[in-house]
Amino acid sequence: MSDVKKLFIKTYGCQMNVYDSERMAEALGAKGYDTTTEMDEADMILLNTCHIREKAAEKLYSDLGRMKPLKEDKPDLKIGVAGCVAQAEGGEIMRRQPMVDLVVGPQTYHRLPAMMDQVDQGVPALDTDFPEEDKFDHLPKRVTKARPSAFLTVQEGCDKFCAFCVVPYTRGAEVSRPPERLLAEARALVERGVREITLLGQNVNAYHGEGPDGTWSLARLIWALDEIEGLARIRFTTSHPNDMDDDLIAAHGTCAKLMPYLHLPVQSGSDTILKAMNRKHTGASYIALIERIRAARPDLALSGDFIVGFPGETEQDFEDTMELVRQVNYAQAYSFKYSARPGTPAAEKDPVSDDVATARLHKLQALLTEQQKAAQENMVGREVGVLFEKEGRHGGQLVGKSDYLHAVHCDAPVEMIGTVQRVRIEASASNSLKGVLI
Ligand code: SAH
Ligand code: SF4
Ligand code: F3S
């Protein structure tokens, strides 16, 4: 028997959870755990959960229920729950599902090795604190196998309190990591072969890290990353319209490594609904902002998030959203039916009927899909940079991401994985483009 134990992590939710899962794997690596992609062979299963919409907790309990036979077959199997449902539900998870050995919130996973010691002694471990210490200072160095594109969490939490959203409760107050640490982590990633870094934060453009010479904005951090040799591309997500400052807008036109893609959620086009959502911007101020960003970078691909069926949304409010979408013209977007989240102010209000919300969602999605299709078809015949990330399903083919974040398939030698190549786009499929090397 080998001493190496196998860790299986299932990640739900946003990119920040993807980043957290990698860091948790590294933290448990120090306890002798190697990751596996096969749940059946795991000695420990960790579910990194998301609480943002509908039935998140129910989904967790049904997933846990399905794991029961595994635990019965292998009594030593450890089961842990991490992430935003862990934060929201805490000890309730162990009461409802006693086979869970460990519950850890998003701000305390640096304590996982100590929690595992406790679990190994047969005592369940629960930690959903918002600790004083910075978890990032207590985690091992990044060791995950380098892929060409990596995430780097620079900011966490949110102080905005949109009326529908759980993030300020599950992730806590806004905290920015110091710029020197981030630059060191970025340099280490690049040394291990990373070519593209996506800066992450629930409110990434509210970044305000304390440097040795005062507070750094996200724009300043981007310019410092721009100087790292070997780093080819910088992206960031997710932004709030009210935190797009002049320097960040300007960087889209002047920083060559900053990619021409921006995810800037607006949620609704109706000022009444935006006010009820506590968004603190209007449809018109959002459109004016988009015009300024497009003036800095005319070919910018814009993406957004929308919620339909927010309490009180009338047919006219919904039409205002459709009109905003027509005006902005998105390259890509996510849209959701409003989901009442326990503990949020909007959950107290009378809901829009589910039939109405569903019909609106379909209508909005049809428009967004049409725009996405047009944006992709517009790429045909154009030359674009593509960072090749991995081999495609067909022999001789690689898959990568265009500057505008389209998935691109292209015949190219495997040695080109991890490089940015010029590609001419020849065709557009439903969710990807096909191109040839120039
Ligand atoms: N910080 C980001 C988004 C975080 S959550 C921002 O401010 O834009 C990602 C998306 O999930 C949100 O933009 C929103 O569109 C959606 N969302 C959040 N809470 C929701 C809820 N209660 N119901 C439906 N969609 C929701
Ligand atoms: Fe949620 Fe609003 Fe904060 Fe985004 S800005 S994380 S939607 S509260
Ligand atoms: Fe979900 Fe938490 Fe991210 S609720 S979207 S995993 S911040």
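**Ligand shells and local geometry**

Student: Which ligand 1 atom does the backbone of F164 approach, and at what distance?
Tutor: A nitrogen atom of ligand 1 lies 3.0 Å from a backbone N or O atom of F164. This counts as a polar contact, that is, a pair of N or O atoms within 3.5 Å; within protein, one atom must be able to donate a hydrogen and the other to accept it, and residues adjacent in sequence count only if both atoms are side-chain atoms. Please note that this is a predicted model, in which local features need pLDDT of at least 70 and side-chain atom pairs pLDDT 80 or more, while totals for chains, interfaces and linings use all residues; side-chain values use heavy atoms, without hydrogens and water. Residues are numbered from 1 along each chain as its sequence is written, and chains are lettered from A and ligands numbered from 1 in the order in which they are written.

Student: What about Q202?
Tutor: A backbone N or O atom of Q202 is 2.5 Å from a nitrogen atom of ligand 1. D305 uses its side chain instead: a polar atom there lies 2.6 Å from an oxygen atom of the ligand.

Student: How much of ligand 1 does the protein bury?
Tutor: The protein buries 89% of the 550 Å² that ligand 1 exposes when taken alone. These areas come from the Shrake-Rupley method with a 1.4 Å probe; for residues, only the protein chains shown count as cover.

Student: Which elements give two or more residues to that shell?
Tutor: They are β15 (301-308) and β16 (332-337). Strands are DSSP runs of E with at least two residues, and helices are runs of H or I with at least four, numbered from the N terminus. The shell has 15 residues, of which R53, Q202, Q267, D305 and S339 come nearest; a residue belongs if one of its heavy atoms lies within 4 Å of the ligand.

Student: Is the T237 to T238 peptide bond cis or trans?
Tutor: That bond is cis, with omega near 0°. T238 belongs to the loop between β13 (233-237) and α9 (246-254).

Student: Is R360 buried or exposed?
Tutor: R360 counts as buried because its relative accessibility is 6%. R360 is part of helix α13 (residues 354-377), and its side chain makes a polar contact of 2.9 Å with that of E313.

Student: Last topic: how is the chain divided?
Tutor: There are domain 1 (5-127), domain 2 (138-377) and domain 3 (383-437), with bounds from an automatic or database domain assignment. The C-alpha centres of domain 1 and domain 3 are 35 Å apart.

Key
Buried < 20%, exposed > 50% of the residue type's maximum accessible area, 1.4 Å probe, protein only.
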